[in-house]
Amino acid sequence: MLPVRNIGCLILLTALLSAPAWAQEEEDQACMDCHDDRSLFKEQDGLRVSLHVEYGLFARSAHGEEGCISCHQDVDVDDLPHEDELERVDCSMCHDEAVEAFEESVHGQALRRGASLAPRCATCHSKHNVLPASDARSWTHLSNVPSLCGSCHKEGLSVSALRPLSRRDRDALPAYPETIHLEGVARRGLTVTPVCTSCHSAHDVLPAHDPASAVHRSRVAETCMTCHGEIEKIHVKTPGEASWKQRLSQGPTCVDCHRPHRERPEERPEARAFSDAFCLSCHVDEALHKPEDGTSLYVDATDYARSVHGELACVACHTNVSTKHDPVCLDSGPVACATCHLETVATFQESTHGQRYAAADPIAPRCSDCHGTHDMLPSSDVNAPTFARNIPDLCGKCHREGQKAAVAYTGTEHEIVKHYTMSIHGKGLLASGLVVTATCVDCHTAHHELPASDPTSTVHPGNIAGTCAQCHVGIYEIFKQSVHSPTVTQTDQKLPSCNDCHQSHTVSRVSEDTFRQSILDQCGNCHEEVTEKYFETFHGKVSKLGSLRAARCYDCHGSHNILPASEPASLLSADNVVDTCKKCHPGANVRFAGYLTHADHHDRQRYPYLYYAFWAMTILLVSVFTFFGVHTLLWFPRALAERRKKHRADGDD
């Protein structure tokens, strides 16, 4: 048993060791007091750069246990706010070897020259969401590396657009997504398949003419043999000594026969025999169909030639054709769009559509249901199903009332497509031909549709305003400063967002009579007590009678710019309230504007004069009516007696 003294020391040591964790959490929280704001931006090189940090992602990242100031060491959390311009994070503090290799690479050299497109650490690893390469969500995970590198090194983009390309390079860059290597990653999930960093390395990327480069002619074989370890046994006809890789000057090296970025699946021996003419010799037959379900296998060669894939060979997409089958395309399976569209497919798989498709839900759509098959057209083509004007009909194939998705829908909102077509968005698109108006995919996205209950959904209550801001950016900037904005009002209560007042699929013009009449109910959903008092006023009573001229809530308080009366910018502030009243009452003055719009004569605390005046008048009124009521009741018997007496007197006469 430990002596009491040792136990005390142990407790003290434990407290000291845990203290940094407490301190880090407090420091991080101090940083997040500002950087949790999604609207926080800075101007840099003429662009608006977001300074928002998603702390949940940072906490789960590889740096989550380090804390903010471990990297941003020039920030003093006891002296906030910090300077607008901070020093760049120095990754070499922890990753000195990787940074040293990067500085000697073509990327590092370009960065020293001040090249605007030169990548930094964060370009590939991200800033606050750095994940280990073993994590499938990481940008540097093997399956994501082609897309990461392709964001710059793809014909027509960034770096590729700025440098002259050789003919081999021009052929190579756009072709890599169709290579046998990428097919192994994207279609077959082979994590041993080489990607960009497997051949060019990750941090010490060097040009092929540099003897130290992993793709220099003298080192290509060594690089390839990290995967193809037994290749020497296959190349037995190589001239010279037994070890062919040691006699490179006397024979070809790997890339002379196997073009590094253009070794396509269709160039495999069995695929070279399957020309488009060979495929179309069967598939131009309109009667050709699958025997098991009757699905047509007919391909219109003219439509295919005009499609976005018209320049690709059939086997570029249908990669599973094989001479082992008769016919060769038997049981070849569906096309793997991820071979080229890796990021889009990954996004789709996270969506409700993708999740249902993975669960083999029969109502779940696949790529071809929206984009078509052999007649696929770009979204900019007016005849494409994904052209803006055609989106409502495309989504309506499943979501129109009575269709398969609408039948399976368990929510309370119905006739969604019909309501959209009658909304201001739908009329703008379908009646006025405004293709810049909002369609289904503008709000719900094209490939990442998620229910409103999902925090990452574009239609989640916390994200609605940002989604609408894609078009209504000016209104959004005003709304962010109002009391309804979560950045202004910190509360556990639900704050209204765009769709609470304007609805989702039945958005109407604010000038329409129906909107002016319905807005009272909308405000009353939250401000119930105030709304009840409003209906006791002249404005409220004539509004109930159907008057459209009477002032509604937003006529006085504003719509997107609602502020408390104590704020100088408020429409009801001392400086602005007279002008607000003058919108309807041109002769309004300060005394007129002093009218208590929502005064409650039952509230003695806030309106004592009104309270006592109400009860004084009520007591007076009740007293008067009581007095005269009693007087009438007492006088009534005497009146009857007098009447009878008069009748008797008249009878005696």
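Visitor: Where is the place of His 141?

Guide: This is a predicted model, in which local features need pLDDT of at least 70 and side-chain atom pairs count only at pLDDT 80 or more, while totals for chains, interfaces and linings use all residues. Residues are numbered from 1 along each chain as its sequence is written, and side-chain values use heavy atoms, with hydrogens and water left out. His 141 sits in the loop between helix 6 (121-125) and helix 7 (145-150), where helices are DSSP runs of H or I with at least four residues, numbered from the N terminus. His 141 counts as buried because its relative accessibility is 15%; buried means under 20% relative accessible area, exposed means over 50%, and partly exposed lies in between, with a 1.4 Å probe and protein chains only. Leaving aside residues up to four places away in sequence, His 141 touches Ala 133, Ser 134, Asp 135 and Ala 136, a contact being heavy atoms within 4.5 Å.

For the charged side chains, the structure holds 7 salt bridges, each defined as a side-chain nitrogen of Lys or Arg within 4 Å of a carboxyl oxygen of Asp or Glu. Side chains of opposite charge can pair when their charged atoms come close. One of these salt bridges joins Arg 306 to Asp 303, with the closest N and O atoms 2.9 Å apart, and both residues belong to helix 17 (residues 301-306), where they are 3 residues apart, about one turn of the helix. Arg 306 is exposed at 57% relative accessibility, whereas Asp 303 is partly exposed at 28%.

Another salt bridge pairs Glu 477 with Lys 480, the closest N and O atoms being 3.4 Å apart; here Glu 477 is partly exposed, with a relative accessible area of 33%, while Lys 480 is buried at 8% relative accessibility. Lys 494 and Asp 500 also meet through their side chains in a salt bridge, at 2.8 Å from N to O, and in this pair Lys 494 is exposed, with a relative accessible area of 56%, whereas Asp 500 is partly exposed at 25% relative accessibility.

How values were computed:
Helices (H or I, at least four residues) and strands (E, at least two) are DSSP runs, numbered from the N terminus.
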